[in-house]
Amino acid sequence: MTNKFPRLRTHSRKNKSGKLLVWYGYDQRPHGPEISLGSDYSKALEQWELLHLKKPLTLGRIQEAINDWRDKELPDYDNPETRKSYGKQLANVEAVFGSMAWHEVTLPIMRQYLRKRTAKTQGNRELSVLSIVWSYARKEGMTELPWPAAGVKDWKNEEQARTFEVTDAIFEAVYQAGDQVLKDCMDIATTTGMRLTDARTVRMPVDGKLRFKSSKKGKFSYFVVSESPVLTDLLDRRGNVDCTTLLTDGEMPVTASMLRGAYDRARKAAAKAHPDLASSIKAMFLRDCRKRAADLAEDDEAASKLLQHSSVGLTQKHYTTKGSKLKAVR
């Protein structure tokens, strides 16, 4: 069945009475979750044919653009986490909008989608991906209609920026509970403001410069190692390990799963060792090291430049938590 019907998956289990239950699914990995095709084999094959062979029923509909964008554009995104999240968001979008013709997707329809979506922030992200697909479709001549929300402000679900300050006490508690690999990663992230993917994969310095390309923005930047005591100490401690990445576990680069496991263990140990800080420690994510880097910067403008944001306002809203220093007038 696998060779004749690629991506068609068969699942089975016995219920409490011992009866064998069989159902089918269409495997979209790595671009999205599995699509359930039900328990009727003949109907499952009909749906498989529509999904896998992309029948002309999708022509002139949103699904045509989604299929095309997923095949041609999504694989070009460098960041694997971006590809994964876009794939999941796209799967939710196509379940609702895929069968619609372009003129059927209106702003009221999109607003209705957002109101019904229980995960409000994810709903916003899903329609952002639909907007990307829409722009692609216009470029490829699939539609001439403009994006239904073009020029309209505040049409998405309201989002509250997460406010969490990584205090010295919280950071030190987790840092001291971590292994050397985790400590090195936290040092890199809080010193440079790099995203975790970049902190984990940044190459060794060349000619005294730590160069990297932002995994999200694709922008090239560098740090002069001698200007940072933390980076200098990290390199001295690392020694001449035969590995191309700055962050290493012995002789090998560090994977995302290795880092996630090390952080989970350290956070759990830190919470146990510091019961007075336990709730705050448990609320801290490893990616909050980037937030701490913003707070350690000289001011909001320096923080915005460090994090490579398009505006200081973005940095102030989502990253800096220490507040602005004011001077008393009397």
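Trainee: Of the contacts in the protein chain with a separation of 6 or more, what percentage comes from residues 24 or more positions apart?

Mentor: The model is predicted, so that local features need pLDDT of at least 70 and side-chain atom pairs count only at pLDDT 80 or more, while totals for chains, interfaces and linings use all residues. Residues are numbered from 1 along each chain as its sequence is written, and side-chain values use heavy atoms, with hydrogens and water left out. A contact means heavy atoms within 4.5 Å. For contacts with a separation of 6 or more in the protein chain, the share of residues 24 or more positions apart is 53%.

Trainee: How many helices and strands does the protein chain have?

Mentor: Both are DSSP runs numbered from the N terminus, with helices (H or I) needing at least four residues and strands (E) at least two. On that basis, the protein chain, whose C-alpha atoms fill a box of roughly 70 × 55 × 45 Å along the principal axes, contains 14 helices and seven strands.

Trainee: Which helix gives the largest share of the lining of the largest pocket?

Mentor: A pocket is an open set of points on a 1 Å grid over the protein atoms alone, with protein on both sides within 12 Å along at least five of seven lines, and its lining residues have an atom within 4 Å of a point. The largest pocket is lined by 48 residues, with Glu-81, Arg-195, Lys-216, Arg-287 and Tyr-319 nearest its centre. Elements giving two or more residues to this lining include helix 5 (120-139), helix 10 (256-273) and helix 12 (288-296). The largest share, eight residues, comes from helix 3.

Trainee: Why does Asp-295 count as buried?

Mentor: Asp-295 is found in helix 12 and, leaving aside residues up to four places away in sequence, touches Glu-165, Tyr-319, Thr-320, Thr-321 and Lys-322. Buried means under 20% relative accessible area, with a 1.4 Å probe and protein chains only. Asp-295 counts as buried because its relative accessibility is 13%.

Trainee: How much space lies in the largest cavity?

Mentor: A cavity is a set of grid points where a 1.4 Å probe fits but cannot get out, and a volume is the space filled by probe spheres set on the points, which are joined across faces, edges and corners. The structure holds one cavity of 30 Å³ or more. Residues lining the largest cavity include Met-194, Arg-195, Phe-212 and Arg-290. The space in this largest cavity is about 40 Å³.

Notes. Buried means under 20% relative accessible area, exposed over 50%, partly exposed in between (1.4 Å probe, protein chains only).
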